[in-house]
Amino acid sequence: MKRVGLKGLVAATTVFVVCVLSGVFALQAWPSSAAAKPKKPAPFVVKVTPALVAKGKAIVKAKGCGGCHTITGAKSTGPTWKGLAGSKVHLTSGKTIVATDSYLIGVITDPTTLQVQGYDASIMTEMIPPGSVSKAQAEAIVAYIETLKK
């Protein structure tokens with residue numbers, strides 16, 4: 001039997017699987033999982049509809065969010081929601097991020113992750129404990145926030 005080298009024919013990060021079925025010898029190559037570049041998940045974007053915005057407004061009223069967040073741009077206990085969606089947010093770590101829909105949903109559903117410079121995160125955690133706002137409710141609130149452009 002002659003040995004054939006594969007040097008130079010395939011990348012070193014390719015995995016080969018050999019199958020023998022009914023005397024037929026087959027060779028299949030796949031890129032190894034280590035070599036495959038992980039794809040970034042597409043950012044989640046709330047589909048803003050009039051119905052979802054109305055639902056968000058109702059949730060905001062029921063949860064009392066207006067006690068800490070303004071929609072006018074005025075400073076309050078919590079950040080204003082006017083112009084918040086898509087804006088730059090300065091974190092306590094010194095980093096600056098963009099207030100994407102995914103970010104907003106994350107901090108609404110789990111306020112313990114909230115670390116906005118100049119605001120006490122423990123206040124929101126006390127008022128809205130983690131898990132007390134569902135993802136669906138947070139999406140509705142974000143749809144409402146999206147309408148509050150500068």
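A strand here is a DSSP run of E of at least two residues, numbered from the N terminus. Strand S4 covers residues 96-98, and Ile-97 lies in it. The model is a predicted one.

Ile-97 has a relative accessible area of 26%. Buried means under 20% and exposed over 50%, so Ile-97 counts as partly exposed. Apart from neighbours within four places in sequence, Ile-97 contacts Ser-87, Lys-88, Val-89, Leu-91 and Tyr-103. For one of these, Ser-87, the C-alpha to C-alpha distance to Ile-97 is 8.3 Å, at a sequence separation of 10 residues.

Leu-104 touches Leu-84, Ala-85, Ala-99, Val-142 and Ile-145, with residues up to four places away in sequence not counted.

The protein as a whole has 4 helices and 4 strands. Read from the N terminus, the order of elements is β-β-α-β-β-α-α-α. Of its 150 residues, 29% count as buried. Among contacts in the protein with a separation of 6 or more, 49% join residues 24 or more positions apart. The accessible surface of the protein is about 10,300 Å², and carbon and sulfur atoms account for 63% of that surface.

Definitions and conventions. Residues numbered from 1 in each chain as written. Predicted model: local features only at pLDDT ≥ 70, side-chain atom pairs only at ≥ 80, totals over all residues. Heavy atoms only, no water. Buried < 20%, exposed > 50% of the residue type's maximum accessible area, 1.4 Å probe, protein only. Contact = heavy atoms within 4.5 Å. Areas by Shrake-Rupley, 256 points an atom, 1.4 Å probe, with all protein chains shown as cover.
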